[in-house]
Amino acid sequence: MEQDYIDWLYGLSAPMVILNKRYGASYTSPFFYPNDDFIDLKESWEIDSRETLLDCVFTMIDDGHAPLLSEFYSKYSQLSEFDWLSFYERQTDYHKVILTFVEQTFPICNTAGIRSWDYARMAYLLRLGTTNKYVTEEECLWILHRIGLRSTYFYHSWQHYLVSWFIGLQYWNNLQIKDDLEKLRCELSRPSNVTSMANLYEDKQAPFNRLPWFIDIEKFEKPESLTEYDWL
């Protein structure tokens, strides 16, 4: 496998790298933190084995936080302005705030929504799992390859993928605000994570600053060790 393609695959976790670079995170090493021999994932992710890692990854890639908004992004793209307003008026006050967020971010995310929020985090977990020897490098790369196919299907550029991730982060950061809708509205409306975004775009080590988004995707056979999982 070409090194550029490997770097591209690891680059799918780039937003997580920029948030953790001061702790030694790497864009292109097989190991997210090359200087660490083990990362405790039990408390934050309830992951402590190969089985719990793969269960989490295979579930979250397609059924993580993104589906909570995907229907709304899709509806916004399909409905006329009048029908969207009618749909909006039939919702609860909470969902009206969420729909406003979808409407405000649609020009950036489009129908791809915040899928990259789930893709990048699972790419991050896979690299941590490689460090912990829950998965091999070959297994990690194959799963990243499948994430990459999804990513290039939904997103049309690195910028599209990355900015949608930051929108996903903004949504996730406020997911627990249910009772104070004015606070939720304000938190979802204000610009956030601007410094992290700027640092990411300016980082010359980042793969997306030297590799195209639509890279030549190499054929990659599913490792025999993963054949017990019917996930593709």
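**Figure 1. E46, an exposed loop residue.** E46 is exposed, with a relative accessible area of 62%. The model shown here, and in every view below, is predicted. E46 sits in the loop that joins α3 (42-45) to α4 (50-63). Its backbone has a positive phi of about 60°, although E46 is not a glycine.

**Figure 2. K133, in the loop between α8 and α9.** K133 has a relative accessible area of 71%, so it counts as exposed, the cut-off being over 50%. Its phi is positive, at about 65°. K133 is not a glycine either.

Figure 3. Helix α1 covers residues 3-10. Six of its eight residues are buried, so the helix is largely enclosed by the rest of the structure. Which residues of α1 are buried? They are Y5, I6, D7, W8, L9 and Y10. These buried residues pack against α2 (14-20), α8 (115-131), α9 and α10.

**Figure 4. The largest nonpolar core, seen around I143.** This core has 82 residues. L125 and I143 have the most contacts inside it. Which residues does I143 contact, leaving aside its neighbours within four places in sequence? They are L54, V57, F58, I61, L126, L226 and W231. In soluble globular proteins, nonpolar side chains tend to be buried together.

**Figure 5. The second largest pocket and its lining.** The volume of this pocket is about 190 Å³. Its lining is made by M16, L19, W45, M60, H65, W117, R121, Y124, W165, L169 and W172. Helices α2, α8 and α10 are the elements that give two or more residues to this lining. How many of the lining residues are nonpolar, polar and charged? Nine are nonpolar, one is polar and one is charged.

**Figure 6. Y33, a buried loop residue.** Y33 lies in the loop between α2 and α3. Is Y33 buried or exposed? Y33 is buried, at a relative accessible area of 10%. Leaving aside neighbours within four places in sequence, its contacts are N20, Y23, G24, A25, I39 and L128. With N20 there is also a polar contact, side chain to side chain, at 3.3 Å. T131 is 98 residues from Y33 along the chain, yet their C-alpha atoms are separated by 8.0 Å.

**Figure 7. Y76 on helix α5.** Y76 belongs to helix α5, residues 67-78. Y76 is partly exposed, with a relative accessible area of 25%. Its contacts include W84, V102, E103 and F106, once neighbours within four places in sequence are left aside. L99 is 23 residues away in sequence. In space, Y76 and L99 are 8.9 Å apart, C-alpha to C-alpha.

Figure 8. S80 is found between α5 and α6 (81-89). S80 counts as partly exposed, at 37% relative accessibility. Where does its side chain make a polar contact? A polar atom of the S80 side chain lies 3.1 Å from the backbone nitrogen of D83. D230 is 150 residues from S80 in sequence, and 39 Å from S80 in space, C-alpha to C-alpha.

**Figure 9. H95 on helix α7.** Helix α7 spans residues 93-109 and holds H95. H95 is partly exposed, with a relative accessible area of 30%. Its side chain makes a polar contact with the side chain of T92, at 3.1 Å. How far apart are H95 and L181 in space? Their C-alpha atoms are 9.8 Å apart, while 86 residues separate H95 and L181 in sequence.

**Figure 10. S157, between α9 and α10.** S157 is in the loop that links α9 (137-154) to α10 (158-173). Its relative accessible area is 15%, so S157 is buried, the limit being under 20%. The S157 side chain reaches the backbone nitrogen of H160 at 3.0 Å.

How values were computed:
Residues are numbered from 1 along each chain as its sequence is written. This is a predicted model: local features need pLDDT of at least 70, side-chain atom pairs count only at pLDDT 80 or more; totals for chains, interfaces and linings use all residues. Side-chain values use heavy atoms; hydrogens and water are left out. Helices (H or I, at least four residues) and strands (E, at least two) are DSSP runs, numbered from the N terminus. Buried means under 20% relative accessible area, exposed over 50%, partly exposed in between (1.4 Å probe, protein chains only). A polar contact is a pair of N or O atoms within 3.5 Å; within protein, one must be able to donate a hydrogen and the other to accept it, and residues adjacent in sequence count only if both atoms are side-chain atoms. Contact means heavy atoms within 4.5 Å. A nonpolar core is a set of buried Ala, Val, Leu, Ile, Met, Phe, Trp, Tyr and Cys residues joined through side-chain atoms within 4.5 Å. On a 1 Å grid over the protein atoms alone, a cavity is a set of points where a 1.4 Å probe fits but cannot get out, and a pocket is an open set with protein on both sides within 12 Å along at least five of seven lines; lining residues have an atom within 4 Å of a point. Grid points are joined across faces, edges and corners, and a volume is the space filled by probe spheres set on the points. Ala, Val, Leu, Ile, Met, Phe, Trp, Tyr, Cys and Pro count as nonpolar, Asp, Glu, Lys and Arg as charged, and the others, Gly among them, as polar.
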